Every structure is written in C-alpha cells, then in structure tokens.
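I opened this model to look up a few strands, helices and single residues. The entries below are in the order in which I took them.

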Amino acid sequence: MRIVIVGASLAGATAAATLRDEGFDGEIRLIGTEPQLPYNRPPLSKGYLRHEEAFEAQLVKPAGYYPEQRIELTLGVRATAIDARQKLVELESGERVTYDRLLVATGGRNRTLAVPGADLAGVFQLRTVEDCDRIRAAIERGRRAVVMGFGFIGSEVAASFRQLGVEVAAVEGARVPLARVLGEEVGRVLAGIHRDKGVELIMEDSVEAFEGSGRVERVRTRKGRVLECDMVVAGIGIVPNTELLATAGAHVDNGVLVDERCRTTLPDVFAAGDVTNHLHPVFGRLRVEHWNNGYQQGQAAARSLLGGEQPYDYIHSFWSDQYEHSIEYVGFAPGWDRLAFRGRPESRKFLGFYLERGIVRAAVGLNRGGDPEDPKVEGELKAAVTLIRNRTPVDPAALADEAVDLSGLAARTR
Ligand SMILES: Cc1cc2nc3c(=O)[nH]c(=O)nc-3n(C[C@H](O)[C@H](O)[C@H](O)COP(=O)(O)OP(=O)(O)OC[C@H]3O[C@@H](n4cnc5c(N)ncnc54)[C@H](O)[C@@H]3O)c2cc1C
C-alpha cells in the first residue's frame, strides 16, 4: 500500500512518523512546498526570532530519521491537483503520484495584507522560517517597529522585539488584546504586561496605510495617528489552504470538513492540522490553529489511514509565551456566560474558567496551572481537562475557591 501525504510540516510529518510507529510497512511519500525539512513554527515568534534557538532544534524529526524510516521526502514542490477518482496527485513538476490513501495537511497561509503600501520594503508577515529570517535581518536595537494586529502572533512578536531592544507600537481593533478568545478581564491583564514592558498599545484603531519611499517609514491609522517606524510586522491571521481539496470536490467550509476519523468527503482522502474543520465529540465542529492539534490530529489521522476507528477526541489546548509570562489554555469556548477566577487577575498568576450554563468549556492559566501536555505534571489544568470532557455543571464558587481541590472536584464529575 502507498500512502501519500501532501503538506510536509507538523501534521504531515507527525502522521508519517506515526504510520511507522504503528507498524505500517508500505510506501510513505511526504510532499511539501517549503524546501526545509518539516519544522515547528512556534519558535519563529519566540526563541528563533530572538536568535536563542537554532533552526535544527525546531525540526519535527532530525534529518536522518526520514531515510532510516523509508519516508520519501519531496520538498520544495507544490501539489497542484488531486484526482480522487484515479487516486493521483499532480505536482507542479509535472509528476503524477498515485496513492492508495491520501492525507492532506496543507495548513494555512497568511491572510492577504490589503492595505496601501503593503508592498513596501520593511513590511512583513510571519508564517515560514524564511519570513522569520527576513524579519531577523531587519532587527536592530533601537529600531522602531509597528505591530499590526495584537493576536497571539502580534503579541509574541512585540514581546520578542522588546526583549531585543526594539521600540514597539501596536495597532489593534479590539478594546483589549485577545478579548475574543480570553475575555476582557484577561485581555486587560495582558495589556498591562505589554505596557509595563514599554509597548505602546493603540487599541480600537486600525492601519489605514503604510507610507515611505521604497521602504516603510510610517504607518497612518484610521483615527489619524502617524507612527514613524523602520519596520512593520502584520499578524492578521491565516486562511486555510483548502483549494487543492475544494477543486477535487471535497466539502469545504472554513477548512476542509472532516469527520471524527479525519476523513474528508472524498474516498480514501484524509486531512489533519490547521486545514481541517473537524467534528469533535465534545466541541462539535471547529477549526483551530494550535500546535497541539497539528501534532495530535496528525497522529489520529495516521491511525485512521490504517483503518483505526477511534474518534479524534483530544481536548484542545495551546500555549503562548510572552516575556517571562506563560499562558496555557485548554478547551474551546467561542462564547461563555461566566468567567470564574481562581487567584486575582491583577496578581498575574491565576486560572480563569469559561463557563456556559454552569459547564466549563475552557480554562486559561497565566503563570499557573501547569502544562496540560506535560505527562509529569499533575497540574490544575489537567483537572480542567476532565471538567471540560465530562460536561457536568459545577459550582463557579468552588472553581474560584483556593481551598477546593480541583482534582477532587473534577473526579466527582466523572
Ligand atoms: C510564528 C508562529 C508561532 C506560533 N506559535 C504557536 C504557539 O505558541 N502555540 C501554538 O499552539 N501554536 C502556535 N503556532 C501555530 C502552529 O504552528 C500551527 O498550528 C501548526 O504549524 C499547524 O501545522 P500544520 O502542519 O497543520 O500546518 P502548517 O504548519 O501550516 O503546514 C502546512 C504545510 O503544507 C504546505 N503546503 C500547503 N499547500 C501545499 C501544496 N499544495 N502542496 C504541497 N505542500 C503544501 C505548506 O507550505 C506548509 O509547509 C504558531 C504559528 C506561527 C506561524
């Protein structure tokens, strides 16, 4: 049997490795547009951007792994079409690659920056290591940067820039950073952290134009601010790379639709990672852009490719590191009617529980709660994962009460 994987990044490479871990002995071919070996992106806004980590340290698997495991890599080549009837993938090189089962893990690309002056030198977006290398080359202590959009990428880039001695002004439409995901109270705390570090936060405003002769020299905002700068990084979100699957006839709606076993609507075609809008037994349909999902769903898709019938029911989680602060989040809460805090938000060391009709949908820890992914840590967020999975109403006062043991509370909801 031959399994072909399109998209050679986190989800694709993890799936390839899992196929071998599960004992699959057939052919595996991993095809990707980027010329580098599959690598992890989180350091691109953190340690790698700050020259603290080498690129080799962020590889999904070391170079020798692929030949050892007989995983054939075709890098620097785009897949241009899928013919699901004939079971073949066309590459831009003209090659036609046949498959028995296909996994698509094409992730996402940066949203187009539709602002006048976006093509000026010094205006950057960040998705790939090459994007990051261009930004690194432009960084010098004392330079002035404008960060456009203060979501996770924007706030992490701002933090790294400040750590490198770059002046930062950030322009964001919302009232406080990350309010849509984390809520106003948590957003206010994060705003305080960035202001304390010297970031000028310009909220409830948007970028109207980049100006300069050949190179960006200033940013003009809708409310009339003029921000002199040497560089701009826009973190305005991604769009999923669904065209390949949509053209082949798969159902697509904010990502390619997959069922609980990572199956698209095309026969023998599966998908994993940022590109999927997947059906989840706890959260319903959702698309997330989290490293942990790329890793976990890559593994789940591999098992499904081999005929496994286990639904993908991982309780989603992500992290973000900004300065000395770490944010850990578990669950998925597009809305909530109550946010209960354990620890005062102003202390910058707390847990927040997002509840809907008494049921915990998600929880966030700022410098508290432990990494829910770390098997060695029996942290509070592990208890939150149980609460989220069990969907049993809990008393918000108990969540907030430091005297109540969270693991015990979670165990009682089983
Ligand atoms: C700067 C940065 C920092 C991040 N930090 C965090 C973090 O702190 N925490 C967290 O949880 N998440 C973080 N993320 C998100 C995380 O990196 C993504 O969720 C993860 O990369 C998704 O993996 P993926 O394999 O699904 O997709 P991607 O990483 O997008 O990879 C898709 C691959 O498919 C290739 N491809 C696309 N189309 C084709 C085609 N037609 N033919 C062949 N190849 C194709 C692409 O070139 C790419 O290599 C960060 C992302 C970025 C950019």
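**Ground rules.** I am working with a predicted model, in which local features need pLDDT of at least 70 and side-chain atom pairs count only at pLDDT 80 or more, while totals for chains, interfaces and linings use all residues. Residues are numbered from 1 along each chain as its sequence is written, and side-chain values use heavy atoms, with hydrogens and water left out.

**Open sheet.** I looked up the strand order first. Five strands form an open sheet in the order β3-β2-β1-β7-β19, and the pairing is parallel. Strands here are DSSP runs of E with at least two residues, helices are runs of H or I with at least four residues, and both are numbered from the N terminus. Two strands pair if DSSP finds at least two bridges between them. β3 and β19 (269–271) stand at the edges with a single partner strand each, so one side of each has no neighbour in the sheet. The twist averages 20° from one strand to the next. For such angles, axes are lines fitted to C-alpha atoms, for helices over the stretch in contact, and the angle runs from 0 to 180 degrees between N-to-C directions.

Strand β1 (residues 2–6) and strand β7 (residues 101–104) are joined by four bridges in the parallel sense. Ile5 stands opposite Leu103 in β7.

Next I looked at its helix partner. The axes of helix α1 (residues 10–21) and helix α8 (residues 291–305) come within 7 Å and cross at roughly 40°. That makes α1 oblique to α8; under 35 degrees counts as roughly parallel, over 145 as roughly antiparallel, 65 to 115 as roughly perpendicular, and the rest as oblique.

I listed the residues in contact (heavy atoms within 4.5 Å). From α1 they are Leu10, Ala11, Thr14, Ala15, Thr18 and Leu19. From α8 they are Trp291, Gly294, Tyr295, Gly298, Gln299, Ala302, Arg303 and Leu305. By class the contact has eight nonpolar, five polar and one charged residue. Ala, Val, Leu, Ile, Met, Phe, Trp, Tyr, Cys and Pro count as nonpolar, Asp, Glu, Lys and Arg as charged, and the others, Gly among them, as polar.

I followed up Gln299, which is found in helix α8. Is Gln299 buried or exposed? Gln299 is buried, with a relative accessible area of 17%. Buried means under 20% relative accessible area, exposed over 50%, and partly exposed in between (1.4 Å probe, protein chains only). Not counting residues up to four places away in sequence, Gln299 touches Thr14 and Thr18.

**Buried strands.** Eight of the eight residues of strand β26 (residues 359–366) are buried, so β26 is largely enclosed by the rest of the structure. Strand β23 (residues 325–331) pairs with β26 in the antiparallel sense over five bridges, and Gly331 has Ala362 as its bridge partner in β26. Strand β25 (residues 350–356) also runs antiparallel to β26, with seven bridges, and Leu351 stands opposite Gly365.

Strand β11 (residues 167–171) has four of its five residues buried, so it too is largely enclosed by the rest of the structure. Five bridges join β11 to strand β10 (residues 144–148), and the two run parallel. Ala145 stands opposite Val168 in β11.

- Arg357 has a positive phi near 50° in the hairpin of β25 and β26, which has two residues between the strands.
- Arg70 has phi near 55°, is found in the loop between α2 (65–68) and β3 (71–75), and counts as partly exposed at 46% relative accessibility.
- Tyr323 has phi near 55°, is found in the loop between β22 (317–322) and β23, and counts as buried at 12% relative accessibility.

**Ala81.** My last entry is Ala81, in strand β4 (residues 79–83). Ala81 counts as partly exposed at 26% relative accessibility. Leaving aside neighbours within four places in sequence, Ala81 is in contact with Leu88, Val89, Glu90 and Leu244.
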